[in-house]
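Morning, everyone. Let me bring the model up on the screen, and then I'll walk you through a few places in it.

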Amino acid sequence: MRADRVFAYGAAAGLIGDLLLGDPRRGHPVAAFGRAAGAVERVLWRDHRGWGALHTAVCVGGAVGLGAVAEHVVRPSRTASVALTAAATWAVVGGTSLAREARVIGRALEAGDVDAARDRLPHLCGRDPQALDADGIARAVVESVAENTSDAVVGALVWGAVAGVPGLLGFRAVNTLDAMVGHKSPRYRRFGWASARLDDFAGWPGARLTAVLAAMAGDRPRGAVRAWREDARRHPSPNAGPVEASFAGALGVRLGGTLSYAGRVEHRPVLHQEGRAVATHDIERAVRLSRRVGLLALGAGVAARAFVKGRSA
(Lines give C-alpha, C1' and ligand atoms only; values in the text may rest on other atoms or scores of the structure.)
Protein backbone atom coordinates (compact mmCIF):
# COMPACT_ATOMS: atom_id res chain seq x y z
CA MET A 1 0.00 0.00 0.00
CA ARG A 2 1.32 3.45 -0.88
CA ALA A 3 2.59 5.58 2.02
CA ASP A 4 -0.01 8.30 1.33
CA ARG A 5 -2.84 5.79 1.68
CA VAL A 6 -1.34 4.36 4.87
CA PHE A 7 -1.32 7.86 6.34
CA ALA A 8 -4.82 8.65 5.10
CA TYR A 9 -6.43 5.50 6.50
CA GLY A 10 -4.35 5.47 9.67
CA ALA A 11 -4.76 9.14 10.55
CA ALA A 12 -8.50 8.99 9.89
CA ALA A 13 -8.82 5.92 12.11
CA GLY A 14 -6.74 7.62 14.80
CA LEU A 15 -8.96 10.70 14.79
CA ILE A 16 -12.05 8.51 15.01
CA GLY A 17 -10.42 6.71 17.94
CA ASP A 18 -9.80 10.03 19.66
CA LEU A 19 -13.39 11.08 19.01
CA LEU A 20 -14.81 7.85 20.45
CA LEU A 21 -12.32 7.16 23.25
CA GLY A 22 -10.57 10.39 24.10
CA ASP A 23 -7.45 10.14 26.22
CA PRO A 24 -7.09 7.20 28.62
CA ARG A 25 -7.25 8.16 32.28
CA ARG A 26 -4.24 5.99 33.03
CA GLY A 27 -1.25 4.86 31.03
CA HIS A 28 -1.33 7.56 28.35
CA PRO A 29 1.73 7.32 26.06
CA VAL A 30 2.34 11.07 26.33
CA ALA A 31 2.40 10.80 30.12
CA ALA A 32 4.90 7.95 29.81
CA PHE A 33 7.09 10.15 27.61
CA GLY A 34 6.82 12.93 30.18
CA ARG A 35 8.05 10.62 32.93
CA ALA A 36 10.94 9.47 30.76
CA ALA A 37 11.86 13.07 29.90
CA GLY A 38 11.73 13.97 33.57
CA ALA A 39 14.13 11.12 34.36
CA VAL A 40 16.54 12.33 31.67
CA GLU A 41 16.26 15.86 33.04
CA ARG A 42 17.26 14.72 36.52
CA VAL A 43 20.47 13.33 35.04
CA LEU A 44 21.31 16.15 32.62
CA TRP A 45 20.01 19.31 34.27
CA ARG A 46 22.50 22.16 34.42
CA ASP A 47 21.77 25.86 34.30
CA HIS A 48 23.17 25.96 30.77
CA ARG A 49 21.75 26.09 27.24
CA GLY A 50 24.08 23.37 25.99
CA TRP A 51 22.88 20.82 28.51
CA GLY A 52 19.30 21.80 27.73
CA ALA A 53 19.97 21.24 24.04
CA LEU A 54 21.36 17.79 24.84
CA HIS A 55 18.24 17.01 26.89
CA THR A 56 16.07 18.05 23.95
CA ALA A 57 18.09 15.99 21.49
CA VAL A 58 17.95 12.87 23.64
CA CYS A 59 14.22 13.08 24.30
CA VAL A 60 13.03 14.13 20.85
CA GLY A 61 15.55 11.90 19.11
CA GLY A 62 14.39 8.96 21.17
CA ALA A 63 10.76 9.54 20.19
CA VAL A 64 11.58 9.96 16.51
CA GLY A 65 13.86 6.92 16.55
CA LEU A 66 11.21 4.78 18.22
CA GLY A 67 8.71 5.80 15.55
CA ALA A 68 11.16 5.07 12.74
CA VAL A 69 11.98 1.61 14.10
CA ALA A 70 8.32 0.75 14.60
CA GLU A 71 7.43 1.95 11.11
CA HIS A 72 10.26 -0.11 9.60
CA VAL A 73 9.20 -3.26 11.46
CA VAL A 74 5.57 -3.13 10.28
CA ARG A 75 6.29 -1.93 6.73
CA PRO A 76 5.82 -5.38 5.09
CA SER A 77 2.23 -5.52 6.39
CA ARG A 78 -0.32 -3.02 5.06
CA THR A 79 -2.71 -3.72 7.90
CA ALA A 80 -0.03 -3.32 10.56
CA SER A 81 1.22 -0.10 8.95
CA VAL A 82 -2.25 1.42 9.03
CA ALA A 83 -2.80 0.21 12.60
CA LEU A 84 0.50 1.73 13.75
CA THR A 85 -0.33 5.07 12.14
CA ALA A 86 -3.79 4.96 13.72
CA ALA A 87 -2.37 4.19 17.16
CA ALA A 88 0.25 6.93 16.86
CA THR A 89 -2.33 9.47 15.70
CA TRP A 90 -4.68 8.57 18.56
CA ALA A 91 -1.80 8.83 21.04
CA VAL A 92 -0.64 12.30 19.99
CA VAL A 93 -3.84 14.19 19.14
CA GLY A 94 -5.99 15.56 21.94
CA GLY A 95 -9.01 17.13 20.32
CA THR A 96 -11.60 15.23 22.35
CA SER A 97 -9.98 15.94 25.71
CA LEU A 98 -9.63 19.59 24.73
CA ALA A 99 -13.32 19.81 23.86
CA ARG A 100 -14.34 17.93 27.00
CA GLU A 101 -12.42 20.20 29.36
CA ALA A 102 -13.69 23.33 27.63
CA ARG A 103 -17.29 22.14 27.83
CA VAL A 104 -17.02 21.24 31.52
CA ILE A 105 -15.97 24.80 32.26
CA GLY A 106 -18.65 26.16 29.95
CA ARG A 107 -21.37 24.21 31.72
CA ALA A 108 -20.18 25.46 35.11
CA LEU A 109 -20.31 29.05 33.87
CA GLU A 110 -23.78 28.53 32.38
CA ALA A 111 -24.94 27.27 35.77
CA GLY A 112 -23.48 30.34 37.46
CA ASP A 113 -20.92 28.30 39.37
CA VAL A 114 -17.83 30.45 38.84
CA ASP A 115 -15.93 28.71 41.65
CA ALA A 116 -16.32 25.33 39.91
CA ALA A 117 -15.13 26.88 36.65
CA ARG A 118 -12.09 28.33 38.44
CA ASP A 119 -11.30 24.93 39.95
CA ARG A 120 -11.41 23.29 36.52
CA LEU A 121 -9.50 25.92 34.53
CA PRO A 122 -6.00 24.61 35.47
CA HIS A 123 -6.89 21.37 33.62
CA LEU A 124 -6.93 23.44 30.43
CA CYS A 125 -4.39 26.25 30.80
CA GLY A 126 -1.92 27.87 33.16
CA ARG A 127 -3.84 31.05 33.93
CA ASP A 128 -4.36 32.15 37.52
CA PRO A 129 -8.08 31.33 37.92
CA GLN A 130 -8.53 33.40 41.07
CA ALA A 131 -7.74 36.54 39.09
CA LEU A 132 -10.58 35.90 36.60
CA ASP A 133 -14.30 36.59 36.65
CA ALA A 134 -16.78 34.60 34.54
CA ASP A 135 -16.05 36.56 31.37
CA GLY A 136 -12.31 36.27 31.94
CA ILE A 137 -12.59 32.52 32.36
CA ALA A 138 -14.61 32.25 29.15
CA ARG A 139 -11.95 34.24 27.28
CA ALA A 140 -9.17 32.06 28.71
CA VAL A 141 -11.00 28.94 27.56
CA VAL A 142 -11.57 30.23 24.03
CA GLU A 143 -7.90 31.25 23.74
CA SER A 144 -6.80 27.84 25.01
CA VAL A 145 -9.09 26.04 22.58
CA ALA A 146 -7.64 28.08 19.73
CA GLU A 147 -4.00 27.54 20.67
CA ASN A 148 -4.42 23.86 21.48
CA THR A 149 -6.23 23.21 18.20
CA SER A 150 -2.87 23.93 16.61
CA ASP A 151 -0.71 22.23 19.25
CA ALA A 152 -2.85 19.18 19.97
CA VAL A 153 -4.37 18.44 16.56
CA VAL A 154 -3.27 20.32 13.46
CA GLY A 155 0.47 20.44 14.16
CA ALA A 156 0.59 16.70 14.76
CA LEU A 157 -1.28 15.99 11.52
CA VAL A 158 1.06 18.27 9.57
CA TRP A 159 4.16 16.45 10.77
CA GLY A 160 2.44 13.10 10.33
CA ALA A 161 1.79 14.00 6.70
CA VAL A 162 5.42 15.06 6.29
CA ALA A 163 7.17 12.22 8.10
CA GLY A 164 4.66 9.53 9.05
CA VAL A 165 4.82 7.95 12.51
CA PRO A 166 8.22 9.50 13.37
CA GLY A 167 6.75 12.91 12.55
CA LEU A 168 3.70 12.31 14.74
CA LEU A 169 5.74 11.16 17.73
CA GLY A 170 8.46 13.76 17.23
CA PHE A 171 6.00 16.65 17.16
CA ARG A 172 4.27 15.51 20.32
CA ALA A 173 7.64 15.05 22.03
CA VAL A 174 8.68 18.60 21.12
CA ASN A 175 5.37 20.05 22.27
CA THR A 176 5.44 18.12 25.55
CA LEU A 177 9.03 19.14 26.30
CA ASP A 178 8.14 22.79 25.73
CA ALA A 179 5.32 22.49 28.27
CA MET A 180 7.71 20.87 30.75
CA VAL A 181 10.85 23.00 30.45
CA GLY A 182 10.22 25.68 27.82
CA HIS A 183 8.87 28.38 30.13
CA LYS A 184 10.90 31.28 31.50
CA SER A 185 11.16 30.24 35.13
CA PRO A 186 14.52 30.64 36.93
CA ARG A 187 15.18 26.89 36.61
CA TYR A 188 14.43 26.64 32.90
CA ARG A 189 15.35 30.04 31.46
CA ARG A 190 18.55 28.60 30.00
CA PHE A 191 18.01 24.84 30.23
CA GLY A 192 14.67 25.06 28.41
CA TRP A 193 15.81 27.46 25.70
CA ALA A 194 16.42 24.76 23.08
CA SER A 195 13.07 23.10 23.71
CA ALA A 196 11.24 26.41 23.40
CA ARG A 197 13.00 27.33 20.14
CA LEU A 198 12.43 23.87 18.66
CA ASP A 199 8.75 24.09 19.60
CA ASP A 200 8.51 27.43 17.79
CA PHE A 201 10.03 25.83 14.69
CA ALA A 202 7.92 22.66 14.81
CA GLY A 203 4.72 24.58 15.49
CA TRP A 204 5.19 27.16 12.71
CA PRO A 205 3.52 25.28 9.81
CA GLY A 206 0.67 23.92 11.92
CA ALA A 207 -0.11 27.34 13.37
CA ARG A 208 -0.36 28.93 9.90
CA LEU A 209 -2.50 26.08 8.60
CA THR A 210 -4.75 26.38 11.66
CA ALA A 211 -5.18 30.09 11.02
CA VAL A 212 -6.05 29.48 7.36
CA LEU A 213 -8.54 26.73 8.19
CA ALA A 214 -10.16 28.75 10.98
CA ALA A 215 -10.79 31.51 8.47
CA MET A 216 -12.27 28.98 6.04
CA ALA A 217 -14.42 27.19 8.63
CA GLY A 218 -15.57 30.14 10.73
CA ASP A 219 -18.59 32.38 10.38
CA ARG A 220 -16.55 35.46 9.44
CA PRO A 221 -13.76 34.58 6.98
CA ARG A 222 -12.90 38.20 6.19
CA GLY A 223 -12.76 39.12 9.86
CA ALA A 224 -10.45 36.19 10.55
CA VAL A 225 -8.06 37.12 7.75
CA ARG A 226 -8.08 40.78 8.76
CA ALA A 227 -7.40 40.00 12.43
CA TRP A 228 -4.60 37.63 11.46
CA ARG A 229 -3.00 40.18 9.15
CA GLU A 230 -3.32 43.15 11.50
CA ASP A 231 -2.94 41.69 15.00
CA ALA A 232 -1.07 38.38 14.96
CA ARG A 233 2.40 39.92 14.77
CA ARG A 234 1.78 41.88 17.97
CA HIS A 235 1.30 38.70 20.01
CA PRO A 236 4.42 37.62 21.96
CA SER A 237 4.20 34.07 20.59
CA PRO A 238 5.04 33.64 16.89
CA ASN A 239 2.64 30.69 16.63
CA ALA A 240 -0.15 31.47 19.08
CA GLY A 241 -0.56 34.92 17.52
CA PRO A 242 -1.87 33.82 14.09
CA VAL A 243 -4.06 31.10 15.61
CA GLU A 244 -5.70 33.23 18.29
CA ALA A 245 -6.14 36.20 15.97
CA SER A 246 -7.78 34.06 13.30
CA PHE A 247 -10.08 32.41 15.84
CA ALA A 248 -10.99 35.82 17.25
CA GLY A 249 -11.95 37.13 13.84
CA ALA A 250 -13.76 33.93 12.86
CA LEU A 251 -15.85 34.03 16.06
CA GLY A 252 -16.32 37.81 16.04
CA VAL A 253 -14.84 38.27 19.53
CA ARG A 254 -11.93 40.05 21.19
CA LEU A 255 -9.08 37.96 22.60
CA GLY A 256 -5.89 38.95 24.39
CA GLY A 257 -5.52 41.74 26.91
CA THR A 258 -4.37 41.46 30.52
CA LEU A 259 -3.43 37.94 31.69
CA SER A 260 -2.16 36.55 34.98
CA TYR A 261 0.11 33.52 35.34
CA ALA A 262 0.97 32.44 38.90
CA GLY A 263 0.90 36.01 40.10
CA ARG A 264 2.80 37.37 37.06
CA VAL A 265 0.68 39.86 35.12
CA GLU A 266 1.12 40.23 31.35
CA HIS A 267 -0.48 42.94 29.24
CA ARG A 268 -0.93 41.45 25.80
CA PRO A 269 -2.34 43.23 22.76
CA VAL A 270 -6.03 42.86 22.01
CA LEU A 271 -6.74 40.65 19.00
CA HIS A 272 -9.64 41.70 16.74
CA GLN A 273 -10.33 44.97 18.52
CA GLU A 274 -13.66 45.49 16.75
CA GLY A 275 -15.06 42.21 18.06
CA ARG A 276 -17.29 41.91 21.12
CA ALA A 277 -16.27 40.58 24.51
CA VAL A 278 -16.21 36.79 24.87
CA ALA A 279 -19.35 35.31 26.41
CA THR A 280 -19.93 31.87 27.88
CA HIS A 281 -21.74 30.59 24.79
CA ASP A 282 -18.62 31.32 22.72
CA ILE A 283 -16.90 28.35 24.37
CA GLU A 284 -19.14 25.92 22.51
CA ARG A 285 -18.70 27.91 19.30
CA ALA A 286 -14.93 27.71 19.69
CA VAL A 287 -15.08 23.95 20.30
CA ARG A 288 -17.15 23.42 17.16
CA LEU A 289 -14.78 25.58 15.13
CA SER A 290 -11.86 23.56 16.51
CA ARG A 291 -13.54 20.33 15.39
CA ARG A 292 -14.06 21.63 11.86
CA VAL A 293 -10.48 22.83 11.67
CA GLY A 294 -9.20 19.40 12.75
CA LEU A 295 -11.18 17.62 10.06
CA LEU A 296 -10.04 20.06 7.40
CA ALA A 297 -6.45 19.61 8.55
CA LEU A 298 -6.75 15.86 8.05
CA GLY A 299 -8.02 16.44 4.53
CA ALA A 300 -5.23 18.92 3.82
CA GLY A 301 -2.58 16.53 5.10
CA VAL A 302 -3.90 13.61 3.07
CA ALA A 303 -4.14 15.73 -0.07
CA ALA A 304 -0.63 17.14 0.37
CA ARG A 305 0.91 13.72 0.94
CA ALA A 306 -0.91 12.27 -2.09
CA PHE A 307 0.24 15.20 -4.25
CA VAL A 308 3.88 14.81 -3.20
CA LYS A 309 3.70 11.05 -3.74
CA GLY A 310 2.14 11.53 -7.16
CA ARG A 311 4.83 14.02 -8.22
CA SER A 312 7.61 11.66 -7.13
CA ALA A 313 6.09 8.58 -8.78
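I'll take the pocket, then the salt bridges, then one histidine, then a surface patch.

One caution before we start. This is a predicted model.

I've picked the second largest one. Helix α3 gives the largest share, with seven residues.

On to charges. As a reminder, side chains of opposite charge can pair when their charged atoms come close. How many salt bridges does the model have? The count comes to 15.

Pair one is R120 with E101. Their side chains meet at 2.9 Å, N to O. R120 belongs to helix α6 (residues 114-120) and E101 to helix α5 (residues 95-110), so this bridge ties together parts 19 residues apart in sequence. E101 is buried, at 14%. The cut-off for buried is under 20%, so E101 falls inside it at 14%.

Pair two is R127 with E143. Here the N to O distance is 2.4 Å. R127 is in the loop between α6 and α7, while E143 is in helix α7 itself, so the pair links parts that are 16 residues apart in sequence. Both ends are covered. R127 is buried, with a relative accessible area of 8%. E143 is buried as well, at 2%.

The closest N and O atoms are 4.0 Å apart. E230 counts as partly exposed, at 35% relative accessibility. R229 counts as exposed, at 52%. The cut-off for exposed is over 50%, so R229 makes it at 52%.

Now the network. Salt bridges with shared partners join four residues into one: D219, R276, D282 and R285.

Next, the histidine, H272. Where is it? H272 sits in the loop between β2 (264-271) and α11 (281-312). It is a loop residue, but a buried one, with a relative accessible area of 5%. Look at its backbone too. Most residues other than glycine have a negative phi. The phi of H272 is near 60°, a positive value in a residue that is not glycine.

Last stop, the surface. Which residues form a nonpolar patch there? I16, L19, L20 and L21 do. Together they have about 450 Å² of accessible area. One of them, L19, is found in helix α1 (residues 3-21).

To recap. R127 and E143 form a salt bridge, and E143 is buried at 2%. H272 has a positive phi. And I16, L19, L20 and L21 make the nonpolar surface patch.

That's my tour. Questions, please.

Conventions: Residues are numbered from 1 along each chain as its sequence is written. This is a predicted model: local features need pLDDT of at least 70, side-chain atom pairs count only at pLDDT 80 or more; totals for chains, interfaces and linings use all residues. Side-chain values use heavy atoms; hydrogens and water are left out. Patches are made of residues with over 30% relative accessible area and no salt bridge: like charges are joined within 9 Å, nonpolar side chains (Val, Leu, Ile, Met, Phe, Trp, Tyr) within 5 Å. Accessible areas come from the Shrake-Rupley method with a 1.4 Å probe; for residues, only the protein chains shown count as cover. Helices (H or I, at least four residues) and strands (E, at least two) are DSSP runs, numbered from the N terminus. Buried means under 20% relative accessible area, exposed over 50%, partly exposed in between (1.4 Å probe, protein chains only).
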